[in-house]
Amino acid sequence: MDSTFVFYCILIILVAEFLLATALNFLNAQKFKDPVPKDLEDVYNIKEYEKSQAYKLTNYRFGILTSTFSLALILGFIVFGGFNWVDQIAQNSTDHPIGQALLFFGIILLGSDIINIPFTYYQTFVIEEKFGFNKTTHKTFILDKIKQWALTLIVGGGILALIIWFFQTAGTNFWWYTWIAIAFFTLIVNLFYSKLIVPLFNKQEPLEAGSLKEKIEHYAANVGFDLKHIFVINGSKRSTKANAYFSGFGKEKRVTLYDTLINDLEEEEIVAVLAHEVGHYKRKHIIFNLASSILLTGLMLFLLSLFINNPEISLAIGVDRPSFHAALIGFGILYSPVSELTGLLMNYFSRKFEYQADDYAKNTYAATPLVTSLKKLSKNSLSNLTPHPAYVFMHYSHPPLIDRIRNLKA
Ligand SMILES: [Zn+2]
């Protein structure tokens, strides 16, 4: 294996992934104008339907622009020696390998994020704004960026430093040291996500006493579900789109409802959405997802340990001097077809789990309020009612609305 061969592998992977994604987007766009299925005719009125069509088309065109730009950027960076240039800066700044790696990744991640700001800005303040979703102020936008960078620096920087330290101390055995550390960290984040991370970005308060809380508690008691923590989060700070999610497990488990969800749905519909979330918990989907993400991390780290000592991986991205951090970039690209495949598999399971959670809500509560809530949520986010099956297969973590409704009505 020589570095020219690896270099061409990297180019082929980047271009092939771009072509595949573009082809799928194109296929999906061919179905934008398909007739709306009979069961979904009451989702939109004419005006809203036209708005949803315009929203899909706008996002499709904007997606072509951003993905083409990203491909050009990474190809240009590799071909014109961008990684080598950044590596020189890192080498000239410090002799310490951990310091060099932190600088190298710091410059690349911060640089690419800054280059992408015009696109995220346009997405939020032009597209989402035009279709009435955006509630983000410029101040929130800037503060979010700063907080995300600080989190990446602390968490990402900490993990990177740890991996390199393991590599220096344990050689290729570093992979399972790292695996144990990341698995432990993943568990902690999962348990305390709502307590540690969410407050950095949102306000959350316990659901106030009243008829909604009574209905939820009544339902939880009925299915023998110990639900002490129900929180409401101010999602309306950023967007009108609504959501609900489950986090943690054991004593730390909690349900979080967006304030937008409470505004948009009737109480019975909210309980139905919550019953669906309880279904995920009862059917052990949360544990499955956690366990599989830890297993997939192990697979990735094991493969990394096989490649990390090959100088060709570093040289292939255009750097003069092989290093752990340069090899990490090369490996990241070489691994991406594998992560596409595992992502496909995870989406497949996720869609199965959605049906199971829907069935759970249907059997323990009722199907009708879940059907109407799903329709309202789809309407309020201008969802695509006619996605292409191939696009669904690749990208959807939830089944299309029509399939969920048919399953609920069956
Ligand atoms: Zn779900």
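UniProt positions here are given in the numbering used for this structure, feature names are shortened, and annotations may be inferred rather than shown by experiment. With that said, let's start with the two annotated spans.

This is a predicted model: local features need pLDDT of at least 70, side-chain atom pairs count only at pLDDT 80 or more, and totals for chains, interfaces and linings use all residues. Residues are numbered from 1 along each chain as its sequence is written, and side-chain values use heavy atoms, with hydrogens and water left out.

First span. An unreviewed UniProt entry puts "domain: CAAX prenyl protease 1 N-terminal" on residues 27-203. That stretch is 81% helix and 0% strand. Its end C-alpha atoms are 40 Å apart. A word on elements: helices (H or I, at least four residues) and strands (E, at least two) are DSSP runs, numbered from the N terminus.

Second span. The unreviewed entry in UniProt also lists "domain: Peptidase M48" at residues 206-409. Here the chain is 65% helix and 7% strand. The end C-alpha atoms lie 33 Å apart.

Now the rings. Rings of Phe, Tyr and Trp (its six-membered ring) pair if their centres lie within 6.5 Å; planes under 30 degrees apart count as stacked, over 60 as edge-to-face, and the rest as tilted. How many aromatic pairs does this rule give? The count is 33.

Take one of them. Phe 225 and Phe 246 have ring centres 6.0 Å apart and planes at 70 degrees, so they pair edge-to-face. The two residues are 21 apart, and the pair links distant parts of the chain. Phe 225 is in the loop between α8 (211-222) and β2 (230-233), while Phe 246 is in strand β3 (residues 244-247).

Are these two buried or exposed? Buried means under 20% relative accessible area, exposed over 50%, and partly exposed in between (1.4 Å probe, protein chains only). Phe 225 has 8%, so it is buried. Phe 246 has 11%, so it is buried as well.

Another pair is Tyr 391 with Tyr 396. Their ring centres are 6.1 Å apart and the planes stand at 80 degrees, so this pair is edge-to-face. Tyr 391 is buried, because its relative accessibility is 18%. There is also a cluster: ring pairs link Phe 62, Phe 69, Phe 119 and Tyr 122.

Back to Phe 225, which has a charge over its ring. The rule: NZ of Lys or CZ of Arg is within 6 Å of the ring centre and within 35 degrees of the ring normal. The charged end of Lys 253 sits over Phe 225, 5.2 Å from the ring centre. Likewise, the charged end of Arg 254 sits over the ring of Phe 231, at 3.9 Å from its centre.

Next, empty space. Rolling a probe the size of a water molecule over the atoms shows where such space is left. The work is done on a 1 Å grid over the protein atoms alone. A cavity is a set of points where a 1.4 Å probe fits but cannot get out. A pocket is an open set with protein on both sides within 12 Å along at least five of seven lines. Lining residues have an atom within 4 Å of a point. Grid points are joined across faces, edges and corners, and a volume is the space filled by probe spheres set on the points.

The second largest pocket holds about 1,300 Å³. It has 41 lining residues, and the closest to its centre are Phe 105, Gly 106, Ile 108, Leu 109 and Ile 329. Elements giving two or more residues include α2 (46-79), α4 (97-130) and α13 (324-364). The largest share, 12 residues, comes from α4. What is the lining made of? It divides into 29 nonpolar, 11 polar and 1 charged.

Last, the cavity. The structure holds 1 cavity of 30 Å³ or more. The largest cavity has about 30 Å³ of space. Thr 22, Asn 25, Tyr 60, Gly 63, Ile 64 and Ser 67 line it. Helix α2 gives the most to this lining, with 4 residues. The lining residues divide into 2 nonpolar, 4 polar and no charged.

Technical notes:
Nonpolar A, V, L, I, M, F, W, Y, C, P; charged D, E, K, R; others polar.
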